[in-house]
Amino acid sequence: MSSPSIRSHLSYHLARAHRQLHADLEARLQKEGASVEQWRVLEVLADRQGRAMGELAEEVLMNHPALTKLADRMVASGLVHRVADPQDQRRVLLHATARGAAMQARLRRLVAEHDRHVERLFGASKTAALKALLEDLAEGPRVLQEP
C-alpha cells in the first residue's frame, strides 16, 4: 500500500505557494537592500506607535530570538531605534527612525507593485477570495479544532 503523494496535502500547497510568493517579494525588496522581514517590521512600525519586541514578533510572524537579531542589525543600520516604554521602564519599544520611515515608504511601493502583479495573474476576485480564505484559516486554533 503506497502512501498518498505529498501534493495531496493542503499544508504542502500552502508552503509551496508561500515559498514562491516570498522569493518573488524578496527579489523585489533586495533592490532596496531590504528583506521581507525588514519590510514587515518597518510596515508595522509605520504608525509611529512603537512596539514591544514580543508584540512585534507576533505581528511580523517571527520568533522572538530571530526578531531580536534582526532588530540589532536594523539598529546598526539606522533603520530603527530602541526606547524605554514611558508606561513601563522595564519594557523596550522599537521605533522606526526617519531613515527607516523613508525606506518603508519605498518598500511599500514595491510590495504594492508585487500585490498588483499577483492580482493581474489571478484576477481580482480570485485574489480577494484567496485572501479571505487565508484570513479565515489564520484565525487560529479555534478554526482548526475538530467539532
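I take axes as lines fitted to C-alpha atoms, for helices over the stretch in contact, with angles running from 0 to 180 degrees between N-to-C directions. Helices (H or I, at least four residues) and strands (E, at least two) are DSSP runs, numbered from the N terminus.

Housekeeping next. This is a predicted model, in which local features need pLDDT of at least 70 and side-chain atom pairs count only at pLDDT 80 or more, while totals for chains, interfaces and linings use all residues. Residues are numbered from 1 along each chain as its sequence is written, and side-chain values use heavy atoms, with hydrogens and water left out.

**Entry: α1 and α2**

I looked up how α1 and α2 pack, and found an angle of about 80° with the axes 9 Å apart. The two helices are therefore roughly perpendicular (65 to 115 degrees) to each other. For contact I used heavy atoms within 4.5 Å. On the α1 side I noted His 18, His 22, Leu 25, Glu 26 and Leu 29, which meet Val 36, Glu 37, Trp 39 and Arg 40 of α2. By class, this contact has four nonpolar, two polar and three charged residues. My classes: Ala, Val, Leu, Ile, Met, Phe, Trp, Tyr, Cys and Pro are nonpolar, Asp, Glu, Lys and Arg charged, and the others, Gly among them, polar.

**Entry: the largest pocket**

A pocket here is an open set of points on a 1 Å grid over the protein atoms alone, where a 1.4 Å probe fits and protein lies on both sides within 12 Å along at least five of seven lines; lining residues have an atom within 4 Å of a point. The volume is the space filled by probe spheres set on the points. I get about 1,400 Å³ for the largest pocket. Its lining has 33 residues, and Leu 21, Asp 115, Leu 130, Lys 131 and Leu 134 are the closest to the centre. Which helix gives the largest share of the lining? That is α1, with ten residues. The lining divides into 18 nonpolar, seven polar and eight charged residues.

**Entry: loops**

I count a residue as exposed over 50% relative accessible area (1.4 Å probe, protein chains only).

- Gly 33 sits in the loop between α1 and α2 and is exposed at 51%.
- Arg 48, in the loop between α2 and β1, has a positive phi of about 65° although it is not a glycine; Arg 48 is exposed at 59%.
- Leu 61, in the loop between α3 and α4, also has a positive phi of about 65° without being a glycine, and is exposed at 66%.

Methods
Parallel < 35°, antiparallel > 145°, perpendicular 65-115°, else oblique. Buried < 20%, exposed > 50% of the residue type's maximum accessible area, 1.4 Å probe, protein only.
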